[in-house]
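Subject: Handing over a structure, with notes

Dear colleague,

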Amino acid sequence: MKPIISVIVCTHNPRADYLQQTLNALACQSLPFSVWELLLIDNASREPLEATWSLQWHSQGRIIREDKIGLTAARLRGFEEAQGEILVFVDDDNVLNEHYLAEVQRSFQQHPSLGAIGGKSIPQFESSPEPWMAEFYTVLALRDFGSQRLISPIYSPEDKIEYPSFAPAGIGLSIRRIAFGQYVDRAQKDAARLALGRTGKQLTSGEDNDIVLTVLENGWQLGYFPALEVTHLISANRLERDYLARLNQAAMRSWVQVLGMHNLKLWEPIAPWTVFPRKAKAFIAYKAWKDAAAYVRWRGACGLYEALAGMA
């Protein structure tokens, strides 16, 4: 029987204990295996996963090798291989709650105008975060918009789209196959859009925003469903100041780039030669030397200037 849902886990050189938790949570889903398939996309890992991992516990589980490195390439490969009408993208450090897939199926059945949905992302830290780090949890894709369901408006082509604060992130992103296909059709014609996804150690992360805006532009709604809960495993190295600074800079740069691609420009372009003096001025304005939080904020401003210069 053709599956209704395709769960696509994209991974590159995974941390074994995290990937095992991700797969264990999938093995415990309340939705029967007959309803969903599992595609583990091995994205150019140094050691092919086929040699050390098995999905024999799932009757519709497959490990698929994708040699083109990058999250976008891995997702596109998953899309090509998937048979389900609903795609659920899961990172290799995501632990879905027991009823996640059942809730995804129910939500799409009840709301035919929904194109993509997401829910809560709750952290499980490997080491205790310092208090100042809470300001930057959003760039770690940690999110909790409360216990009420939230659904965006339907936009017509002449409407100005407002990006919903509760729009789904990549963690546990659940999307109709037809809606993701519309994104794929547009992205494959634009190299800049294909470059938005994370690749290796680069922390670019605009792909999820690009998907969300494409979904809205095509007349779908977005939804936040609190019953969809993911535990996000946060390794200790992701709580270091320099990592958060790099992440904040890349996130801001990507965000501005994506807005520009969708003609939602919130800032005016700037001349490339002004980037360095603007960064220097911002270093003073943000008092980036003062503490770690100020430094991370400053790096976000640097990402903004870099993106605006690219639009000039």
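The notes below go from the whole chain to single residues.

Please keep in mind that this is a predicted model, in which local features need pLDDT of at least 70 and side-chain atom pairs count only at pLDDT 80 or more, while totals for chains, interfaces and linings use all residues. Residues are numbered from 1 along each chain as its sequence is written, and side-chain values use heavy atoms, with hydrogens and water left out.

The whole chain

The protein chain holds 9 helices and 9 strands, where helices (H or I, at least four residues) and strands (E, at least two) are DSSP runs numbered from the N terminus. Its radius of gyration, taken over C-alpha atoms, is 19 Å, close to the 20 Å that the globule rule (2.2 Å times the number of residues to the power 0.38) gives for 312 residues, so the chain is as compact as a globular protein of that length. The C-alpha trace spans about 60 × 45 × 40 Å along its principal axes.

Of the 312 residues, 53% are buried; buried means under 20% relative accessible area, exposed over 50%, and partly exposed in between, with a 1.4 Å probe and protein chains only. Contacts (heavy atoms within 4.5 Å) with a separation of 6 or more come, for 79% of them, from residues 24 or more positions apart. The chain has 32 positive and 34 negative side chains, with the centres of the two sets 6 Å apart; Lys and Arg count as positive and Asp and Glu as negative, while His and the chain ends are not counted, and each charge is placed at NZ of Lys, CZ of Arg, CG of Asp or CD of Glu.

Phe79 lies in helix α2, residues 71-81, and is buried at 15% relative accessibility. Leaving aside neighbours within four places in sequence, Phe79 is in contact with Ile8, Leu87, Arg177, Phe180, Gly181 and Val184. Helix α4 covers residues 177-187, and its buried residues include Phe180, Gly181 and Val184, along with Ala179, Tyr183 and Ala187. Among the elements that cover the buried residues of α4 are α2, β4 (86-91) and β6 (114-125).

Asn248 sits in helix α7, residues 241-261, where it is buried with a relative accessible area of 13%. Not counting residues up to four places away in sequence, Asn248 touches Phe136, Val139, Val296, Arg297 and Gly300. Ala293 and Ala134 are 159 residues apart in sequence, yet their C-alpha atoms are 9.7 Å apart.

Loops and cysteines

Most residues other than glycine have a negative phi. Asn263, in the loop between α7 and α8 (275-285), has a positive phi of about 55°, and Asn263 is exposed at 66% relative accessibility.

A search of the whole structure finds 0 disulfides, a disulfide being a pair of cysteine sulfur atoms within 2.5 Å. Cys10 is buried at 10% relative accessibility, whereas Cys28 is exposed at 51%.
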